[in-house]
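Please read them with the coordinates open.

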2 protein chains.
Amino acid sequence: MPRDIQIITEPQLRKIIALDRVLVDVVERAFSALAEGHVVMPPVLSMDLPMVHGEVDVKTAYIPGFDGFAIKVSPGFFNNPKLGLPSLNGLMVLLSAKTGLVEAVYLDNGYLTELRTAAAGAVAARHLAPSTVDTAGVVGTGIQARLQMQAAFLERPFRRGLVWGRDTDKADACAKDLTAALGVPFSATTSVADLVARAQFVVTTTPSREPLITADMLHPGLHITAMGSDQAGKNEIAPRVLAAIDAYACDSQSQCAALGELRAAIDAGAWADHKAIELGEIVLGKKAGREQPNDVTLCDLTGTGAQDTAIACHVRMAFPDAGQSIPISTGTS
Amino acid sequence: MPRDIQIITEPQLRKIIALDRVLVDVVERAFSALAEGHVVMPPVLSMDLPMVHGEVDVKTAYIPGFDGFAIKVSPGFFNNPKLGLPSLNGLMVLLSAKTGLVEAVYLDNGYLTELRTAAAGAVAARHLAPSTVDTAGVVGTGIQARLQMQAAFLERPFRRGLVWGRDTDKADACAKDLTAALGVPFSATTSVADLVARAQFVVTTTPSREPLITADMLHPGLHITAMGSDQAGKNEIAPRVLAAIDAYACDSQSQCAALGELRAAIDAGAWADHKAIELGEIVLGKKAGREQPNDVTLCDLTGTGAQDTAIACHVRMAFPDAGQSIPISTGTS
């Protein structure tokens, strides 16, 4: 039986899919679906390739009620910048939830992952940030540093921003870009402690393996979203922070216990009697997140296959005729 | 930096890639690489979707010295035949082993998986079957029943064939097809016991969850390749068979202990002091397989990501300009 598979490339996706509140709503639905308990989401397939300084993750999730589900392939090859190539890359495959047939291949080079990751940050801001944010701060100077601030601005239109990075030139460049993108002044700061002290909303976006934010930096009314850790060795937030705050939320408790900030806190014995809330439970109103303006809250984001399925279905539904259709038979067998 | 991604569809693949001894050599290299111990092959990502009678497996492996590695997506949705669609489907993505960039997408609907699975059967026949096979038998009547007999015939040009299936009409049709394809007479038989008694070489290709071949059926000089089991609940070979034979070989010991015939033998307590040989160790000459003409041998095949990487690289190298090139930028970031 002949049928078509839709092929869409990164330039085409960049024209039609953007980081906006519609996308935040889409990714928010992935969180609420996860918390409803009917999502099938196997552990991430992770292949570490130290001999080529690379890694590949494959994520997927089946969400009842969604017409399709994504298989998302994310390679990270960290020698690439020396070759003039980006470290991150990959694609998404969308399969029919009814027949398993491949419906679309999004040759996005990681663009959709960047967007859904930023949108997840916006969901965290929507449900956990103080109702008013004067100053937002970002730790890190890469693509996600920029996107996370743009995402937060959709939910909490702050008045100024701060950037910290190990490389001050990169921090200055990031601050300049964000000033231009958002129309509010961003400046680079010389320490994480200074950034946290001056901000009510902080996002950490680094691949750090040593904590950058420590418990002594916390202050009333602070929200932190930590989205850098997505592997067992990474750690941006000191374990004692998780024990000291009023509410710890995460995208997936099982995944964060293996790959997120929660993993380091558990390993350090700092977790014991504490309880994790999944962000989706807050979205659904099943659990409280921030209860008081002065609460200190943290959201640990490792990135879920449910988010990939949500954005892939969004691409499919919003633009059914975009891209190139490749005619394909379903086989002679 | 603009670059192209190669897209090849099933009809194009069927024209250029066939089951022949070149392909058997390619897949044999995957076995020897695995046994050399430098392959990185994470556990299969497996998502079971009972609510839609479906499942999805994702396999991958990095083989040192190969230019690329495959990520293979295999959905099986078993209500599809009612809709006039095949149960099995899927695609392979080939990534550069150096940069992780997506180089090709093979929209094969499972065709390459069918071929590499058959070729793995040929590798087992090459190294474990008696040197002369008069009669070959296949248990099952599907695509793999046909392909496994064609694969075995490449290595052991037998004089006649037997087919057994639960549905005698399907067994007759399969025997007729194989007679036409191979030019030697195939006939359907009424019992597995009869088939095994008359054959020196047997392949089991079913999704059975109850053993079809039992220890009382074994006879001197018999080789069995069991390739139907690829999930924890499946079982074609009675546990006592594994304890009774002279050599048990498998594609991957860890994978077969979880998904293959070995799993059932371990669960039944029939394994204890026995030892598994990986087929690649036999290919490399590190371990003996069949030592005497009268030995009874079995090869347990679950299908490895290394086989997927081998066939994907074969497609890439043999036909560098085939298919459709989709121009794609590697991103603005």
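1. Strands S8 (residues 160-164) and S9 of chain A pair in the parallel sense, and three bridges hold the pairing. Within it, Gly161(A) has Phe186(A) of S9(A) as its bridge partner. Note that this is a predicted model.

2. The pair belongs to an open sheet of eight strands in chain A, with the order S9-S8-S7-S10-S11-S14-S12-S13 and parallel pairing. Its edges are S9 (186-188) and S13 (276-278) of chain A, each of which pairs on one side only. On average, neighbouring strands of this sheet are turned by 20° against each other, direction ignored.

3. Chain B also has an open, parallel sheet of eight strands, ordered S9-S8-S7-S10-S11-S14-S12-S13. Here the edge strands are S9 (186-188) and S13 of chain B, each pairing on one side only. Between neighbouring strands the average turn is 20°, again with direction ignored.

4. Inside the sheet of chain B, strand S7 (residues 135-139) and strand S10 (residues 201-204) are joined in the parallel sense by four bridges. Val138(B) has Val203(B) in S10(B) as its bridge partner. Helix H4 (residues 143-155) of chain B packs on this sheet and touches S7, S8 (160-164) and S10 of chain B. The direction of H4(B) makes about 155° with that of S7(B). Helix H5 (residues 168-182) of chain B lies across S8 and S9 of chain B, and runs at about 180° to S9(B).

5. Which way do the residues of strand S12 (residues 247-250) of chain B point? Ala247(B) and Ala249(B) point one way, Tyr248(B) and Cys250(B) the other, and all are buried. In a regular strand, side chains alternate between the two faces of the sheet. S12(B) runs parallel to strand S14 (residues 297-300) of chain B, with four bridges between them; Ala247(B) stands opposite Thr297(B) in S14(B). S12(B) also pairs with strand S13 (residues 276-278) of chain B, in the parallel sense and over three bridges. In that pairing Cys250(B) stands opposite Glu278(B) of S13(B).

6. Leu242(A) sits in helix H7 (residues 239-244) of chain A. Why does Leu242(A) count as buried? There are 23 other C-beta atoms within 10 Å of Leu242(A), and the cut-off for buried is 20 or more. Beyond its neighbours within four places in sequence, Leu242(A) is in contact with residues including Ile237(A), Tyr248(A), Leu262(A), Trp271(A), His274(A) and Leu298(A). Cys299(A) is 57 residues from Leu242(A) in sequence, and their C-alpha atoms are 10.0 Å apart.

7. Ala33(B) lies in helix H2 (residues 21-36) of chain B. It counts as buried because it has 24 C-beta neighbours inside 10 Å. With neighbours within four places in sequence left aside, Ala33(B) is in contact with Val39(B), Ile63(B) and Ala306(B). Leu91(B), 58 residues away from Ala33(B) in sequence, is 23 Å away in space, C-alpha to C-alpha.

8. The domain assignment divides chain A into domain 1 (2-113 + 306-329) and domain 2 (122-303). The C-alpha centres of domain 1 and domain 2 of chain A are 25 Å apart. Their contact takes ten residues from domain 1 and 16 residues from domain 2 of chain A. On the domain 1 side, helix H2 (residues 21-36) of chain A gives the most, with eight residues. By class, that side has six nonpolar, two polar and two charged residues.

9. The contact between the chains takes 51 residues from chain A and 51 residues from chain B. Elements of chain A that each supply at least two residues to it include S1 (2-9), H1 (10-16), S4 (68-77) and S15 (324-329). S4(A) gives the most, with five residues. The side of chain A that touches chain B divides into 32 nonpolar, 17 polar and two charged residues.

10. How are the two chains related? A rotation of 180° with 0.0 Å of shift along its axis superposes chain A on chain B, at an RMSD of 0.1 Å. This is the relation of a two-fold axis. Leu45(A) has the C-alpha nearest the axis in chain A, 2.9 Å from it. The same surface serves both copies, as 98% of the contact residues of chain A recur in chain B.

Technical notes
Residues numbered from 1 in each chain as written. Chains lettered and ligands numbered in written order. Predicted model: local features only at pLDDT ≥ 70, side-chain atom pairs only at ≥ 80, totals over all residues. Contact = placed C-beta atoms within 7 Å. Nonpolar A, V, L, I, M, F, W, Y, C, P; charged D, E, K, R; others polar. Domains from an automatic or database assignment. Buried ≥ 20, exposed ≤ 12 C-beta atoms within 10 Å, placed from the backbone. Pairing = 2+ DSSP bridges. Least-squares fit on C-alpha atoms with pLDDT ≥ 70 in both. Axes fitted to C-alpha atoms, helices over the stretch in contact; angles between N-to-C directions.
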